[in-house]
Amino acid sequence: MRKLFTGITLLQMVFAAICAHAQSLRLYIYDAHNRQAIAGAGIHISPGNISQLSGSDGNAVVNLQRGNYTLWVNSLGHQKQQLELQFTGDTLLRIGLVPQALQLDSVVVSTGYQTLAKERATGSFTLVDNKRYNEQIGANVLERLRYIANGVAPVADRITNLGENAMLIRGMSTLSPGIQRPLVIVDGFEYQGDLNNINPNDIDNVTFLKDAAAGSIWGAKAANGVIVLSTKKGSRNQKVNASVTANVSTGSPPELNYIRQMASTDLIAVEQLLFANKYRFADTARTTHPPFSEAYELMFAHKNGKLNDSQLAVALSILGQHDVRQDFNRYFYQNAVDQQFALNLSGGSNLLSWYISAGRDYNVSNLDAKYSRNSLRLSNQFRFSNRINASLDVAYTASNSTSGKPAYGTISLTNSRLPSYTSFADENGNALPLYAYYRKGYIDEIGNGKLLDWRYYPLTDYSYGSTKNEVGDINATLGLDYKVLDWLKLSAKYRVQQQLSEQNTLNTVENYYARNLINTFTQVAANGSVTYKVPLGDILDRTNEKLSAQNLRAQLNLDRCFNQFRLVVLMGTEWSEKVNNGLTDRFYGYDDELLSIVPVDVINQYPSYMTGGSVIIPSVTNFRGTNNRFASVYGNGALSYRDRYTLTASARRDASNLFGQATNDRWKPLWSVGAAWILSKEHWLKHDKVQELKLRLSYGKQGNIDPSKVAVTTLSYGSNNAYTLTPIGTINNYPNPDLRWEQVAMLNLGVDFSLFKGKLSGSIEHYRKYMTDLYANMQIDRTTGIASGSVTRNVGQAKGNGWDIELRTRQQMGAIGLTSDLIVNTYTDKITKLNTEIAEAKQLMSAGFGVVQGYSIYALFAYKWAGLDPTNGDPMGYYNGQQTKDYNLIVNQTLLTDAEYLGSQLPKLFGSLGLGVNWHNFNLACRFSYKFGHYFRRSSIDYGALVSLLNGHADYAERWQQPGDETRTNVPSFVYPVNALRDNFYTNSATLFEKASYVRLQYIKLSYQLDSQRQRWLPIKNLNVVVAANELGIIWRANRLGLDPDAGLMPRPGRVSFGLSTNF
Amino acid sequence: MDYLQIFKSIGYEAAIHGGFITIKIINRQMKTLYSILILTAMAGLSGCKKFLDEKSNKKLVVPTTVADLQTLMDDRSFINEKEPSAGIVASDDFYMNTADWLSLTEVARNLFVWEPNAYATGAGNNWVALYSQIYSANVVLDNIEDVKDKQARFTEWKNVKGQALFLRARCYANLLHTWAMPYDATTANNDMGVPLRLDVNFNVPSVRASVALGYQQVLADLRSAAGLLPAQPLHPIRPAKAAAYALLARTFLSMNLTDSCLYYTEKALALKNNLMNYNGDVGMNAAGATYSFSRFNPEVIYDSFIPVPAALSKGMILAEIYNSYHANDLRKTLYHRSSTTIGNFKGTYTGGASVFNGIATDELYLMKAECLARKGDKDNSLKTLDDLLIKRFKTGTYIPLTASTAEQALEIIMQERRKELVFRGLRWLDVRRLNKMGANIVMKRTLDREYVLQPNELKYALPIPEDIVTISGIPQNPR
């Protein structure tokens, strides 16, 4: 609401002499920017429900009784104005409307603690307004933000250690990927639950806080940037507005052919070679009866005389024609369909404003997993008096998800990957067994009919069990504002959140997991009687989690003008608590109809049916409980002079109950200072081509903590020792009394501008950040007893810098309106100091990314490549500058200084270009994204994995086979026995690294809007029809192999959406 | 309270009621008094401390009690079930054919033929497993003196401390047996042993101590442990006095110190001397079971095992061992499936595929017999062996052994030791110590070519994992 009022710029009231008889309100409506009269502006006055249009001279006259009125003025292309009027008699009211093009002037950003006009801000904010936020249709809030925000880089799916759908705000701020997460704020408080619980249609706008002046108010958690989500609210004195939105999206199945899977015929040829070498023959005699692949079983049948030469050849050739991806496509994958409905109502009287929304999502994934979410949100603001305001927000979300069919790559054998020639069904569609755990023949006959079928059928197995997840989340915030004096306000906010989730994994007795466990614990006596130690029934695993979070904030807000100064100060304290409790339990012999269970003995040992060895029935019971508390004090002040010069400062201290922080930094001070100068308000720069020009400068410090790192030895209690029945403890933390919180200092310089009457606007920012006390998992001699081989220490310093540039243009060419929005971001970082030295290159190869002084945080190194040996196709490298094939020397002794540095895995230049075309009621929006200047390592054949896991790669077909091949290929020859070091060298050699640059078409959205102001026949306010397509693919890439540098296993599948939304 | 003064000085009246401050704001212009209640953080410094003293994770504790430390020693999958497999792979209880050997990973192939680079780098190898167990023992030993209930629970306190000392000694003994040359009193002060880490400070660099220092540490820890541990364990998964004595005996045996070995063997036997009668007894599985014995059977003094190494699962029992069992010797069928079957050893005391290498009474009988024979007590040595073997033969078929000399008796005892303790992980120790006494045992592998391990060769100290050498800078064992 405050937004609206601060948004209004010019308002003049001129009181005329009171005339007892003629009580008329004269209005003059004009454009506040060019001072010209506005014709045809809609005027609405309440009570009385009087509506009128302004004349061609901008004037209008309305006859009224004395009293209090609310007045609205609408004009196309201008911002709606609302004002309160105390009508005492004949009055002339001049109302200036602000053109929408200049909305930049009135943009309000939110830090979570306050909303402030962007004009007076000194920090770096990226605001994603409602329009841009809605250019993508998706079920998840964060997914909609990935490519559209200035200064924010979406992380490639390939980089998994930063999490799913990860975003980096101004690059890395730590060396520990596990704590590189932006802080997410919803309506002023850190959101503690699962962000999927938020209905994306309830979000009004999003602000990214990118530098210290913007984010340091969040203190010790803000170093990775802050994402502030603001939900929709009602406005006071507003007629009831209802809007309904319905979206349907459909996504194609993933492109399995993108996976460079080895041809089935090649795999069979390799297995024939292994068979000839008697590979794994010893396994035929093992008491655990390990399985063999289908091709191997055929070869054994041939060896034992059950198949003759030609029968074997025919059988293998039939096998070789099959590709398991066809089965995945045919039986498991389908189109994903997401449906989304949202209804919201809002309105307000003089005393109360309210917003109610309901949302329903129902998604069916391309593996038939189902997700539904119902959400309800109420938001109320009460005005008790001029001085007391209260707000109450309550949101409730209930979601349900059910697991679907198995994805490619999730089915495997106990001792190998799923061979590519596997079929899940016969020609009639009947499920075929996959001998994944025990050997064919043995498992077909075991038990003499006394056991359950011990075979595994991938085609149907998923249908005999499921994982269901139910989450209920309630979030309520009570706020109270008390205006003590006109310039002093006290406010308190209390937020409580509770999220309850229950996960039930049911393995019915038909499911392999249950059958295997039951069979293992089946005892068949000599007389043939059967005893089940694991009851013949379903197995249910249940996990309950409860999250309760509370925040209490008390804040003092001061906003006072004196002479030409304006001082805005806020000071407060916040206490927060987040309690997690969890329980996992398992029930055997569960009957879903009767809700009965059968107790089992999880203490004594029983002979395993298969091996005779002693085994204990697995018990998974486990309790968990954590409680993270924070106490903070903070303050923030801004002093402006003549609305042109602004100085800001903020400071915050945090303390937490994390172990051992008592001894180091329990209270951590973090601060920022900033300055802004609005040049465009200087008289000497007044120019009709310059609407806004502002310079900003800020510097400050933010923190980053890893709650798992503490200064003392801690033990983690686990389940009981099955024999002594005493608790088991494991070392959870290796003590490091010197550990301090990470600090990131950032210097930010920015220019905001709006030129040529808003035709060109944007911002240019440059930042430099200095990261100190960085934690890193530094390698340590495992002889110390630290088996992980690394300990977290404050070992390093790093610096980063970059440019965030956003340029927006608007152009009107007759009926066609064109907009463009170009985001150009650059980012580079470098580790400037590292107390631990990494000497050998191999330490970096396995980790996937390296932490090395003098290089980027996500540096990629490779062994130098010297081509293939022309005589036998061996890969060749260098050691000490000499060409060599001594792989032990290369892999174990190559120094970092001798390795080839390729660059960073994170792009140096990235951003997006959004284009919009308006024509009458049509609107077309599309966005291209791009990343340049980084590298990735592509996968290739690993002969060790091929032999031991049947894990092939299509590059096998490209391998060196005869002299001369070295000129056309870099894929080494296949030799048996395999040499792991040779594989290791090839996998990490420079020949497999590619440039990752690309340009991609991210989305296109076409919408058609019917508006009752133009289409007067429309019974409702407006109707919006949308067709959108997302993830449309790469249009240019630097690598020549057609690889998607962002893709994990496969690129994200494309989506098409249809949407309808209406207001009435 | 200072801030009350501050409030007053700026025109407010303030008072404290309970945890709250009531502030009356006197606004003269508006001639109104406002009363407000605000929660104050300033008044709550003590409350704040209390608020922040709540434990952040209920499952996490800073070890302050005897019970906390005991939990570390009860982590059986970490303490008891990760014994080093190097000795069993490198010794000669079994053989492998070339195809199976070639199908192993390179490091497993190398270990089998005593070549360098015999360990996968990283967290999974024996060296790391042993040192991380030592770390756990050191956590206990570093904290044990400061626990708050030392006096109140003194019995448990002694028990935990004893367990930690026993664990540390067992780990160092395993390390010395695998990565140092066999004990030789004349050179032990100069021979390279293993790094001795006796506290949790991981900032201290690793330096290889001498073999002599290593054995001194093992013996000292075990002697202390024996004094602290209870006579009877809660369960054989935990060590008790007998286990400490038995391990002392085993260590002295590996040092070829017969008197001390005999002394501690007898002390252990005095506490526990049960033997199973292989004709059918508690602790044995039904006839035809995949594995013949159950875990924690009556002979087990202390339970620990080696997870089956890949090489062993492809191995076959040496014919010379298989054929040496008498037809009436039950061990032939209870231990072995057949002379040519590849598969896991069925005679293990773990009840499953894993290789038992804990401490059992049968080993004590064999140590006692051997020591007596070495001391020249022919009759008592054979008598001790008879006590064991009569339980291993079909009832009524056992004929007591005879020998003309103590040397001959020793020869018989050593043969029986090999037959009884096959696949216990003890053969490696035996070859090392016997060669030191001139037994001249040559180990051979016939694969793609012949690999030979000559007596007392430097290769008896197995290669340390490459990454450990690189990172710590300790010298590698010469080949």
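Lys and Arg count here as positive and Asp and Glu as negative, with His and the chain ends not counted. The place of each charge is taken as NZ of Lys, CZ of Arg, CG of Asp or CD of Glu. The model is predicted, so local features need pLDDT of at least 70 and side-chain atom pairs count only at pLDDT 80 or more, while totals for chains, interfaces and linings use all residues. Residues are numbered from 1 along each chain as its sequence is written, chains are lettered from A and ligands numbered from 1 in the order in which they are written, and side-chain values use heavy atoms, with hydrogens and water left out.

**Stop 1: all of chain A**

Select chain A and show its charged side chains. There are 104 positive and 88 negative ones, and the centres of the two sets lie 8 Å apart.

Switch to a cartoon. Chain A contains 15 helices and 52 strands; helices (H or I, at least four residues) and strands (E, at least two) are DSSP runs, numbered from the N terminus. Its radius of gyration is 34 Å, close to the 31 Å that the globule rule gives for 1064 residues, so chain A is as compact as a globular protein of that length. That radius is taken over C-alpha atoms, and the rule is 2.2 Å times the number of residues to the power 0.38. Along the principal axes, the C-alpha trace of chain A spans about 120 × 75 × 65 Å.

Now show the surface. The accessible surface of chain A comes to about 44600 Å², and 54% of this belongs to carbon and sulfur atoms. Such areas come from the Shrake-Rupley method with a 1.4 Å probe; for residues, only the protein chains shown count as cover. Of the 1064 residues of chain A, 54% count as buried. Buried means under 20% relative accessible area, exposed over 50%, and partly exposed in between (1.4 Å probe, protein chains only).

Contacts (heavy atoms within 4.5 Å) can be sorted by sequence distance. In chain A, 69% of those between residues at least 6 apart in sequence join residues at least 24 apart.

**Stop 2: strands E2 and E8 of chain A**

Select residues 24-31 of chain A, which are strand E2, together with E8(A); the two pair in the parallel sense over seven bridges. Strands count as paired if DSSP finds at least two bridges between them. To find one of these bridges, pick A:Tyr30, whose partner in E8(A) is A:Gly96. Strand E8 covers residues 91-97 of chain A, and five of its seven residues are buried, so this strand is largely enclosed by the rest of the structure.

**Stop 3: a five-strand sheet in chain A**

Next, look for the open sheet of five strands of chain A, in the order E11-E16-E17-E14-E15, with mixed pairing. Its edges are strand E11 (125-128) and strand E15 (189-190) of chain A, each of which pairs on one side only. Within the sheet, strand E14 (residues 183-186) and strand E17 (residues 226-231) of chain A run parallel and are joined by four bridges. A:Ile185 has A:Val228 as its bridge partner in E17(A).

**Stop 4**

Select A:Ala745, in strand E37 (residues 742-755) of chain A. Is A:Ala745 buried or exposed? Its relative accessibility is 5%, so A:Ala745 counts as buried. Leaving out residues up to four places away in sequence, A:Ala745 touches A:Tyr699, A:Gly700, A:Lys701, A:Arg768, A:Lys769 and A:Tyr770.

Then move to A:Lys757, in the loop between E37 and strand E38 (760-779) of chain A. A:Lys757 is not a glycine but has a positive phi of about 55 degrees. Its relative accessible area is 53%, so A:Lys757 is exposed.

**Stop 5: two cis peptide bonds**

Go to A:Pro47, in the loop between strand E3 (42-46) and strand E4 (50-53) of chain A. The peptide bond from A:Ser46 to A:Pro47 is cis, with omega near -5 degrees. Another cis bond runs from A:Tyr976 to A:Pro977, with omega near 0 degrees. A:Pro977 sits in the loop between helix H14 (943-949) and helix H15 (980-987) of chain A.

**Stop 6: chain B**

Finally, select chain B, which has 20 helices and 14 strands. Of its 479 residues, 60% count as buried. The loop between helix H7 (106-112) and helix H8 (126-143) of chain B holds B:Trp114. B:Trp114 has a positive phi of about 60 degrees although it is not a glycine. With a relative accessible area of 0%, B:Trp114 is buried.
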